[in-house]
Amino acid sequence: ALVLLSIATAGILGAYGPIWAIPNTFLSHNELAASNGLITSFGNLGGFVGPYLVGYFSTQTGSYSAGLLAMAAIIGGCSLLLLPVAGMRYRGSV
């Protein structure tokens, strides 16, 4: 379990660089400042809501597996939301 959690943590922390670099590719300076604030706000919201969700699902099922699976599903869904943006960048349409 420790090895898998370490791999998951490396994957999450590995996304920090690209998530901050994506807005730089297509936003002006003023828009970039607002997007940085929005990214930070969502990060803070996730840091507040995440432990509650893990606790809720863990309490409902009696196991931490459900809480961690819920977090994995949320992270997977968020990465799917970034696919169109990444696709635009690699096609050169931005």
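**View 1. Val3 in helix H1.** Val3 lies in helix H1, which spans residues 2–14; helices (H or I, at least four residues) and strands (E, at least two) are DSSP runs, numbered from the N terminus. The model is predicted, so that local features need pLDDT of at least 70 and side-chain atom pairs count only at pLDDT 80 or more, whereas totals for chains, interfaces and linings use all residues. Residues are numbered from 1 along each chain as its sequence is written, and side-chain values use heavy atoms, with hydrogens and water left out. With a relative accessibility of 59%, Val3 counts as exposed (buried means under 20% relative accessible area, exposed over 50%, partly exposed in between; 1.4 Å probe, protein chains only). From Val3 to Leu13, 10 residues along the sequence, the C-alpha to C-alpha separation is 15 Å.

**View 2. Ser35 in helix H3.** Ser35 is part of helix H3 and is buried, at 14% relative accessibility. The side chain of Ser35 comes to 2.9 Å from the backbone oxygen of Leu32. Apart from residues up to four places away in sequence, Ser35 touches Pro23 and Leu27, where contact means heavy atoms within 4.5 Å.

**View 3. Ser58 in helix H3.** Helix H3, residues 29–61, also holds Ser58. Ser58 has a relative accessible area of 10% and is therefore buried. A polar atom of the Ser58 side chain lies 2.7 Å from the backbone oxygen of Val54. Beyond its neighbours within four places in sequence, Ser58 is in contact with Ser63, Tyr64 and Gly67.

**View 4. Phe48 and a nonpolar surface patch.** Leu38, Phe42, Leu45, Phe48, Val49 and Tyr52 make a nonpolar surface patch of about 660 Å². Accessible areas come from the Shrake-Rupley method with a 1.4 Å probe, and for residues only the protein chains shown count as cover.

**Setting of the views.** The protein has 4 helices and 0 strands. Its C-alpha atoms fill a box of roughly 50 × 25 × 20 Å along the principal axes. Of its 94 residues, 10% count as buried.

Conventions: A polar contact is a pair of N or O atoms within 3.5 Å; within protein, one must be able to donate a hydrogen and the other to accept it, and residues adjacent in sequence count only if both atoms are side-chain atoms. Patches are made of residues with over 30% relative accessible area and no salt bridge: like charges are joined within 9 Å, nonpolar side chains (Val, Leu, Ile, Met, Phe, Trp, Tyr) within 5 Å. A salt bridge is a side-chain nitrogen of Lys or Arg within 4 Å of a carboxyl oxygen of Asp or Glu.
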